[in-house]
Amino acid sequence: MAPTVDLEARFLDYVAAENKVEPKDWMPDAYRKTLVRQISQHAHSEIVGMLPEANWITRAPSLRAKLILLAKVQDEGGHGLYLYSAAETLGTSRDQMVDDLLTGKAKYSSIFNYPTLTWADMGAVGWLVDGAAIQNQVMLCRTSYGPYSRAMVRICKEESFHQRQGYEIMMHLARGTQEQKAMAQDALNRWWWPSLMMFGPSDDKSPNSAQSMAWRIKRKSNDDLRQEFIDKTVPQAEFIGLTIPDPDLKWNEERGHYDFGAIDWTEFFAVVAGNGPCNTERLEARRKAHADGAWVREAATAYAAKHSARRAAPSPAASKAHAA
Amino acid sequence: MSTPEQWPLWEVFVRSKNGLSHKHSGSLHAPDAEMALKNARDVYTRRSEGTSIWVVPSSAIVASAPDEKEVLFTPSDDKVYRHPTFYEIPDEVGHM
Amino acid sequence: MKWDICDPSVQYLLHLGDDALILGHRLSEWCGHGPVLEEDIALSNIALDLVGLARQYYQLAAERVGGGCTEDDLAYWRSDREFRNHVLVEQPNGDFADTMARQLFFDAFHYLQLEALQNSGDAQVAAIARKALKETTYHAEHSADWVVRLGDGTEESRRRMAAALERFLPFTAELFTPAEVDRVAFERGWGPDVASLKGPWDHLVLEVLQKATLERPEVPHKLLRGKSGIHSESLGFLLAEMQSLPRAYPDATW
Ligand SMILES: [Fe+2]
Ligand SMILES: [Fe+2]
């Protein structure tokens, strides 16, 4: 069908010229599908990502820390909400997306399948996991789909505090007692490699990357983002006297970047396949919350139906009567 | 369409300072207008940006079709569209 | 506890702060597990307000204790026998109806308490109360909204809501039974006669229950003395969890 080919070519030109695609605009089906998958996956990551940190809210070691952590985890809930909304503009309901998560059909970021074992993990997660996420999210502020881009702008504004609070925890621990310093180093050891994996496999092994770049959904390659993150983070670790657990890590003057060791992708794929330390617990927790909340959601719906005449927007009949 | 269980979608508009107009902030799900307004306060003014909030059922919003001259595309069938988010991007993308 | 916290004004501040901290802590347990995303965020907001309020009371108390005492010393190094909160607020969350019943009962009381505290003879308490009243008005609306929706929602939600009222109403008598800490506060002009809040509280709660088409259950009151440090068994577990880190690493600061 010649006209379709023509449209797709024009679409590519359109996004290449840095125009934003809006919900009512024509878009290739595959573009829409890719976006729904990516945005909903991103939303699920925010929601599942609440769990490992919520794990420490009730044990935060100071009242200030408790408030900060609670506000941070609450923010992630908000991010999930913004992203579900952005995906809904593409014609998929939040219910459908949540269903896909709970049935295991949809993925979320594998990093959240690792356990948070000590308070230092709250530092490492904020510093490294949010840090890596931000690297990706700043890029996505310029993504070609308007609602996604706007959600990311809002999210990025909130994220900057997340990484800083994490780094502050690490800094405090690294300058604390022997035990605290050991706790911080242990957390860095456990979270470093999984954080690098967050950017995904190298681009030559990541089949959708080229298409996403052409559509301007994605603006930088996985490897470039990973490199940026490493270059930024290594001096931050040095500054607080912690050691990155990579014997091959060293500055490469010629490249102007850090060289780093090989990432264990078998671990990555094992976790993606569902065999990480906490995959089962995370999904169970989400399923339980959703199931336990069902009667609450139904109750509010039932109440709204009973009282809709009074509260909701006037029905067409009512506004006609009013106009008359 | 959504299953009957899902709460309807609302668009949220916040006026952050006196003298400025309400600006689209995003959307949320709520069972009724009262709850939508309260949830909007929790979700979109967590850093107390808001002085005044409007909520509008997304289904009540009528959106213009894209202008062919500007957008170069013929408008698609309306069924694929759920809700428009048609306000400009704030410029504070800046640093992380 | 290495600090001397016997001063009556410190005791009163601890009583006020403990209610806020313990209830805020309970609500924070919902974070990530709420019935719907929007409500998860709302519950966290209320928890944030309450823990924030607790900090203000504790900071003031710590200042009055003096000698370098901090808000965290007061939160993390007192035993359950030294906590002065009402037994109601330490009760486990139960289901969402339970949480909302507990919240409705406390919010209505808290609102009336803060309204009175705005005119506290303790100027610093009055200042805290003025700010907190606005937040608490919102909390009270939120819990009322939900009690109404659950009561007048489905068969199941109505049954659960009624059961929750029955579960928590017996805890509310303590709110209006003056303990030593209340008597001293009233005598010195710092706080209200809590018994006098009962009438207005009944009125507020009844109004919500009527809207919810629910009956106020006829249940006997429990004999409770949380404000004198005699708590339910659940507070010990709550504190064991909350205080675990500072106590495991007594030399550390966080
Ligand atoms: Fe986030
Ligand atoms: Fe974050």
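This is a predicted model: local features need pLDDT of at least 70, side-chain atom pairs count only at pLDDT 80 or more; totals for chains, interfaces and linings use all residues.
**Iron site, chain A**

I started with the spacing of the donor residues of the iron ion (ligand 2), which reads E-x53-D-x28-E-x2-H along the sequence.

Glu76(A), Asp130(A), Glu159(A) and His162(A) coordinate the iron ion (ligand 2), at 2.0 to 2.5 Å.

Glu159(A) and His162(A) are 3 residues apart in helix H7 of chain A, so about one helical turn separates them. Are they buried or exposed? Glu159(A) comes out buried at 2% relative accessibility, and His162(A) is buried too, at 0%.

**Where chain C meets chain A**

I moved on to the interface. Chain C brings 49 residues to the contact and chain A brings 46. The two bury about 4000 Å² between them, with 69% of that from carbon and sulfur atoms. Leu37(C), Leu48(C) and Trp254(C) give 16% of what chain C buries here, more than any other three residues.

Then the polar side of things. I found 15 residue pairs in polar contact across this interface. Which helix of chain C gives the most to the side touching chain A? That's H2(C), with 12 residues. By type, chain C's side splits into 23 nonpolar, 13 polar and 13 charged residues.

Last entry: there are 2 salt bridges between these chains. One of them joins Lys306(A) to Asp152(C), at 3.0 Å from N to O.

Conventions:
Residues are numbered from 1 along each chain as its sequence is written. Chains are lettered from A and ligands numbered from 1 in the order in which they are written. Side-chain values use heavy atoms; hydrogens and water are left out. Contact means heavy atoms within 4.5 Å. Buried area is the accessible area (1.4 Å probe) that two parts lose on being put together, summed over both. A salt bridge is a side-chain nitrogen of Lys or Arg within 4 Å of a carboxyl oxygen of Asp or Glu. A polar contact is a pair of N or O atoms within 3.5 Å; within protein, one must be able to donate a hydrogen and the other to accept it, and residues adjacent in sequence count only if both atoms are side-chain atoms. Helices (H or I, at least four residues) and strands (E, at least two) are DSSP runs, numbered from the N terminus. Ala, Val, Leu, Ile, Met, Phe, Trp, Tyr, Cys and Pro count as nonpolar, Asp, Glu, Lys and Arg as charged, and the others, Gly among them, as polar. Donors are N, O and S atoms within 2.8 Å of the metal (3.2 Å for Na, K and Ca); water is not among the atoms, so sites may look incomplete. Buried means under 20% relative accessible area, exposed over 50%, partly exposed in between (1.4 Å probe, protein chains only).
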